[in-house]
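Take a look at the protein shown here.

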Amino acid sequence: MKVSYWYNNRDIRIQEVPTPVPGPKEMLIRVISCGICGSDIVEWYRLPRAPLVQGHEIGAEVVAVGNFVNKYSPGDRVFIAPKVPCMKCSYCANGHYPQCTEVKERLPGGFAEYILVPEIFVENGTYLLPEKISYDQSTFIEPLACVVRAERLAGVKKDHSLLVIGCGMSGLLHIKLARTKGCKIIAADIHKTKLEFAARMGADMVINAKDDVASRLVAQNGKKADVVFLCAAATSAMEQAWSCVDKGGVIILFTVPGPDQNVVVPVNDFWMKEITIRTSYYCGPPDIIEAMKIIGEGLITVDDLITHRLCLTDIAYGFQLVTDGRESIKVIIKPNENVSA
Ligand SMILES: [Zn+2]
Ligand SMILES: [Zn+2]
């Protein structure tokens, strides 16, 4: 089978390796669709584990199961979470699933023709796809689950004014989800095409992030934002987040600058204005279930975010598109198809 090994964003190598055979409690799945996530191109985050088979937004078909696997059978359509919590430790008990470190194993990446699914992922990480969720749509389950969780942590509710800084895939999903909650949505980005997308996906107003975002926001919205979602990694974006939050508001750090960046937080100002800063990293099983429900019931559409479908041998181009960020929103790799469209 073909597997792609990621060394860095400019060096991805396709290799032929033997197709694995599942052990008694494992299963083999054929990857039909796997999305490139914005986090896949973050080198400071991924390089320590390179060379790496990336790809964690996986829609796949079960092709073989071990003798002791009885929950799934060949032909089943599945989504598999890239990391699973143990569901037993104190973090899991408190709903901090992403902080669980009991399960060390990770699911092998989806930028490959097949994946051997380890036992713990067969047990805790596999979700059957309902007929109404296509394989391409299933690549949005994980990113939407992260967005579902972040909006819950932020306490997003009806009539909140919400500023989304950075309108890539995550930012756009934030806009779509907040739309269903009756929020007033303001989107900021430095790319014109992303702002056009944001407007089409339900943003009530868009602001070029190269402008003075805080004053444009106040001029158009009448006040600063109740909730700010930071979905861009630039330190300038983070400074905009600080300056755009209203008194009593919440800033969610969905994306952060790299570890080599020093960030100054205006704590004195925030103390008096009672600003909350929250981080949100990854998601947990309840968020995945909710995301599947949202996509399955068509509460939000995701097909309109897909800009590219590429075969595995074009993966380097896919990473180039996502790294460049101007023309693409969602790039999906189809490891078992030959044609790129
Ligand atoms: Zn992701
Ligand atoms: Zn745990």
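## About the model

This is a predicted model: local features need pLDDT of at least 70, side-chain atom pairs count only at pLDDT 80 or more, and totals for chains, interfaces and linings use all residues. Residues are numbered from 1 along each chain as its sequence is written, while chains are lettered from A and ligands numbered from 1 in the order in which they are written.

## Helix H6

Helix H6 covers residues 169–180. Helices (H or I, at least four residues) and strands (E, at least two) are DSSP runs, numbered from the N terminus. H6 reaches 17 Å from its first C-alpha to its last, close to the expected 16 Å. That expected span is 1.5 Å times one less than the number of residues.

Of its 12 residues, 10 are buried, so H6 is largely enclosed by the rest of the structure. Buried means that 20 or more other C-beta atoms, placed from the backbone, lie within 10 Å of the residue's own. Among the buried residues are Leu-172, His-174 and Lys-176.

## Two domains

The protein is divided into domain 1 (2–140 + 302–334) and domain 2 (148–279). These bounds come from an automatic or database domain assignment. The domain centres, taken over C-alpha atoms, are 29 Å apart.

Eight residues of domain 1 are in contact with nine residues of domain 2. Contact means that the C-beta atoms of two residues, placed from the backbone, lie within 7 Å.

## Helices H8 and H9

Val-213, Ala-214 and Leu-217 in H8 meet Gln-240, Ser-243 and Cys-244 in H9.
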